[in-house]
Amino acid sequence: TADGYYSQNYIINSAFQVNQRNYVSAATLASGSYGFDRWKSGAAGTTLTYTSAPQGQLVTMNSGGVIQQVIERQNISAGIYTLSWKGTATGRVYNFGSTPPPYSDSGVVVTLDGLANVVVEIAAVSADKTLGFAQLESGAVASGFRRNANSIQGELATCQRYYQRITSITANAGLISGHQITTTESRLLYSPAVVFRVVPSISVNLCDMSDDVSFASVVSTITMLSGSSPQAPYMFVTHVASGAAFRPILLRGRSASTSFVEFSAEL
């Protein structure tokens, strides 16, 4: 192989099995926003229509739609690679920051120099197109499809290097614990399921701070503290004045399913 290792698929979530963001079939994606894990829109207005299947599925991309996956430079040594996929879409591979080549049918052969992150881009030019089971592998010939990981748990863990979401399964469910430092400020420490690629950014949706006894107050802002690491994200929260300093505190979901905390370390 190009890098001296066993042949593998460098594309993560190639069969669209992992969907931590709960992307809904046919929902419109803004340019640069993510739907399925590791796949982001490369053009405003991209939609992916699908019927979910346990082993993965083809998606139908709207005419003019584009999706991309950026692969870390650390994973791509210099050499010859082939991009293949099932479906009628066209694709291309190029170094991040360089001029993209034309789109081609499945079986794109490319020489990569190992000097930058690599962009895999799939498009629906002129009409709706289908895509699924994409593979980027070493060598100049496409082989049988292989997933990046050997199980759905492995695929999820690989995705979680870049993104993790904690969703509230019931109203008022505790999501992350910490302590108050004043009546309007708290600190939280998250133990990630998988170590992040870098210190992640954080956002919340419909979440409160609560000591689980006497009060609940709406989150105003939430940011990463300078002492954070990819292994231990440490957060600073401001919230509506309530409670007392130095109490244990919970960041909790206000409602089932729609309340969540998300961490992003995407490329």
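Visitor: Hi! Is Gln69 buried or exposed?

Guide: Gln69 counts as buried, because its relative accessibility is 1%. Buried means under 20% relative accessible area, exposed means over 50%, and partly exposed is in between, with a 1.4 Å probe and protein chains only. This is a predicted model, where local features need pLDDT of at least 70 and side-chain atom pairs count only at pLDDT 80 or more, while totals for chains, interfaces and linings use all residues. Residues are numbered from 1 along each chain as its sequence is written, and side-chain values use heavy atoms, leaving out hydrogens and water.

Visitor: Where is Gln69, and what does it touch?

Guide: Gln69 sits in strand β5. Strands (E, at least two residues) and helices (H or I, at least four) are DSSP runs, numbered from the N terminus. Not counting residues up to four places away in sequence, Gln69 touches Tyr10, Ile11, Ile12, Arg38, Trp39, Val118, Val119 and Val120. Contact here means heavy atoms within 4.5 Å.

Visitor: Which backbone nitrogen lies 2.8 Å from a polar atom of the Gln69 side chain?

Guide: That is the backbone nitrogen of Ile12.

Visitor: Zooming out, how many helices and strands does the chain have?

Guide: The chain has one helix and 19 strands. Its C-alpha trace spans about 65 × 35 × 35 Å along the principal axes. Of the 267 residues in the chain, 46% are buried.

Visitor: Which residues of that helix are buried?

Guide: In α1, which covers residues 152–160, the buried ones are Gly154, Glu155, Cys159 and Gln160. The buried residues of α1 pack against β11 (163–167).

Visitor: What about contacts between residues 24 or more positions apart?

Guide: Such pairs account for 71% of the chain's contacts with a separation of 6 or more.

Visitor: Which residues touch the most other members in the largest nonpolar core?

Guide: Leu83, Ile122, Leu131 and Leu136 do, in a core of 29 residues. The elements giving two or more residues to this core are β4 (59–61), β5 (66–71), β6 (79–86), β8 (108–112), β9 (118–123) and β10 (129–138). Apart from it lies another core, of 19 residues, including Cys207, Val219, Met235 and Ala265. A nonpolar core is a set of buried Ala, Val, Leu, Ile, Met, Phe, Trp, Tyr and Cys residues joined through side-chain atoms within 4.5 Å.

Visitor: And Leu136, what is it in contact with?

Guide: Leaving aside neighbours within four places in sequence, the contacts of Leu136 include Gln8, Tyr10, Ile71, Leu83, Val93 and Val120.

Visitor: Now for Leu225. Where is it?

Guide: Leu225 is in the loop between β16 (216–224) and β17 (234–239). This residue is partly exposed, because its relative accessible area is 22%. Beyond its neighbours within four places in sequence, Leu225 is in contact with Arg187, Tyr234, Met235 and Phe236.

Visitor: How many residues apart are Leu225 and Arg187 in sequence?

Guide: They are 38 residues apart in sequence, and 8.9 Å apart in space from C-alpha to C-alpha.

Visitor: Last one: why is Leu29 called buried?

Guide: Leu29 is called buried because it has a relative accessible area of 7%. Leu29 lies in strand β1 (residues 28–29). Leaving aside neighbours within four places in sequence, its contacts include Tyr23, Tyr34, Ala43 and Thr46. Leu29 and Ala43 are 14 residues apart along the chain, and their C-alpha atoms are separated by 8.2 Å.

Notes:
Polar contact = N/O pair within 3.5 Å; in protein donor to acceptor, adjacent residues only side chain to side chain.
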